[in-house]
Amino acid sequence: MRQNVAGLAGRVALVTGGSRGIGAAIVARLARDGADVAFTYVDAEDRAKTVVAEVEALGRRVVAVRADSASSDGASGAVERTVAELGRLDILVNNAGVFPYGPIEDVSLAELDRTLAIHVRGVFLATQAAVRQMGTGGRVISIGSCFVERVPYAGVSLYAMTKSALIGLTRGLARDLGPRGITVNLVHPGSTDTDMNPADGESADHERTFIALGHYAEPTDIAATVGHLAGEGGRYITGTSIAVDGGFAA
């Protein structure tokens, strides 16, 4: 049954990497707030079907798009599919990501190129395609990382570098798109209980020592901030980074 939700009613969102973890929570949040939602996934088809069912249960339209953000046409193709099936695009959430970890000496050229392709080139191309479809009130929200503010241990140089690039992109795009009434912001999650970094994983106790609140976030905590930025509450917020990290960078 369609819920009577006013916040994002009539608006359409695209979330990259939306089949699991933070991405799936963002898809669900935007749907609960009233948006119809498209999302991309690469391999997790069963999880994508689960997300589709959850959104449909809320009475919203939903499209699952198999697309790799590392591909030069994956991002633009997802935007085109969203507009073709849902009629418009108002909100883009650049969430797709990977987590390369290890000594700098062991990083291969292939790993470097793929991480840059997903975290930097893919975000740029998705945003470029999306803003061609957006009017006044459009929203671009990217998911960064707490490691752009603080890197307390070794092994994450590549990850931190590529996520840090989103700060400059966000600020530049805010200037480019502000005159069109489109806001652009960046959300930096801290340690969040997902498959990529489970709260009961072997390194979790060590990570908790860096968190002021002493515990991991839930994916819904990140989704709540994205929902605020996507809605009316975010209409005068642009060009900024918001940490949702439990005090990791305090």
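**Notes on a predicted model: salt bridges, sheet and cores**

1. Let's start with Arg208, which is partly exposed at a relative accessible area of 23%. Keep in mind that this is a predicted model. The side chain of Arg208 meets that of Asp205 in a salt bridge, 2.6 Å from N to O. Asp205 itself is exposed, with a relative accessible area of 56%.

2. Lys49 is exposed at 53%, while Glu45 is partly exposed at 34%. An α-helix has 3.6 residues a turn, so residues three or four places apart point the same way.

3. Arg88 and Asp90 also form a salt bridge, with their closest N and O atoms 2.6 Å apart. Asp90 counts as buried at 7% relative accessibility, because buried means under 20%. Arg88 is partly exposed at 40%. The structure holds eleven salt bridges, and a network of them links Asp36, Arg60 and Arg61.

4. Now the sheet. It is open and has seven strands, in the order S3-S2-S1-S4-S5-S6-S7, with parallel pairing. S3 (62-66) and S7 each have a single partner strand, so one side of each has no neighbour in the sheet. From one strand to the next, the twist averages 15 degrees.

5. Look at S5 and S6 next: they pair in the parallel sense over five bridges. Helix H5 packs on the sheet here, touching S5, S6 and S7, and its direction makes about 160 degrees with that of S6. Buried residues of H5 include Leu158, Tyr159, Leu166 and Leu177. Among the elements covering the buried residues of H5 are helix H4 (109-131) and strand S6 (183-189).

6. You can check the length of H5 yourself. Its 21 residues (157-177) should span 30 Å at 1.5 Å a residue, and its end C-alpha atoms are 30 Å apart, so the two agree.

7. Which residues have the most contacts inside the largest nonpolar core? They are Val15, Ile26, Leu30, Phe39, Val93 and Val187, in a core of 32 residues. H1 gives the most to this core, with seven residues. A second, separate core has 28 residues, including Ala129 and Leu186.

Notes. Residues numbered from 1 in each chain as written. Predicted model: local features only at pLDDT ≥ 70, side-chain atom pairs only at ≥ 80, totals over all residues. Heavy atoms only, no water. Helix = DSSP H or I, 4+ residues; strand = E, 2+ residues; numbered from the N terminus. Expected span 1.5 Å × (residues − 1). Buried < 20%, exposed > 50% of the residue type's maximum accessible area, 1.4 Å probe, protein only. Contact = heavy atoms within 4.5 Å. Pairing = 2+ DSSP bridges. Axes fitted to C-alpha atoms, helices over the stretch in contact; angles between N-to-C directions. Core = buried A, V, L, I, M, F, W, Y, C linked by side-chain atoms within 4.5 Å. Salt bridge = Lys/Arg side-chain N within 4 Å of Asp/Glu carboxyl O.
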